[in-house]
Amino acid sequence: MNVTISPIGIGMAMIVVSNCLISFGKSEVKKKCYIILSSILSMVGILGIITTRSQFISGLNKSANRQHLDSDFVLWATTKFDFFAVISIIATCSTIIFLLYLLRANKKNKSGFVWGNFSTFVIIIMVINFLAGAWYGFRTINVLFDIAFYIATLSISEIFALYIPLIAKRIVTLKE
């Protein structure tokens, strides 16, 4: 069994690792680099959220034509993916809006619990999102079509979109 990683995947992993390392920097340059890299990741996440379903449908149709899949399987696969996508996208968007609200509401009280643990909240939500995607993806594993890959792609895109509250916090701290 050969496992290959695309150059785009390697590049994204390098950006994520670089972003994590830069996030600990205290200089103005590192803070601005963090904002730029996080903005790139969040834009990639938003684009991923938007395009994953169309890629899923395209891949499913190609597989259905090649393997002569019956319509029941195509319906089952689409239903499985759509169920996860709707719930996870609504949860991710609601979480981003709620975190931005918390950030705005606690902007003046920087010594409070929310402000001090804001990044921890976001990281915990990212981990929960990843675990939910992995758990649901494992439940869809079958021989005919790899639904789990598209669920994982959607989860990773949502994790990248969750950089938005972290960017907002960094911008607020930079302005002061």
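**Figure 1. Seven helices and zero strands make up the secondary structure of the protein chain.** Helices (H or I, at least four residues) and strands (E, at least two) are DSSP runs, numbered from the N terminus. The model is predicted: local features need pLDDT of at least 70, side-chain atom pairs count only at pLDDT 80 or more, and totals for chains, interfaces and linings use all residues. Residues are numbered from 1 along each chain as its sequence is written, and side-chain values use heavy atoms, without hydrogens and water. The C-alpha trace spans about 60 × 30 × 25 Å along its principal axes. Of the 176 residues, 39% are buried (under 20% relative accessible area, 1.4 Å probe, protein chains only).

**Figure 2. Close-up of the packing of H5 and H6.** The axes, lines fitted to C-alpha atoms over the stretch in contact, lie 9 Å apart at an angle of about 170 degrees; angles run from 0 to 180 degrees between N-to-C directions. H5 and H6 are therefore roughly antiparallel (over 145 degrees). On the H5 side, the contact (heavy atoms within 4.5 Å) includes Met-126, Phe-130 and Tyr-136. Ala-148, Ile-151 and Glu-158 are among the H6 residues involved.

**Figure 3. Close-up of helix H7, residues 163-175.** H7 has 13 residues and reaches 18 Å from its first C-alpha to its last, close to the 18 Å expected at 1.5 Å a residue (1.5 Å times one less than the number of residues). Its buried residues include Tyr-163, Pro-165, Lys-169 and Arg-170. Among the elements that cover the buried residues of H7 are helix H1 (7-22), helix H2 (28-67) and helix H6 (147-161).

Conventions
Buried means under 20% relative accessible area, exposed over 50%, partly exposed in between (1.4 Å probe, protein chains only). Angles under 35 degrees count as roughly parallel, over 145 as roughly antiparallel, 65 to 115 as roughly perpendicular and the rest as oblique.
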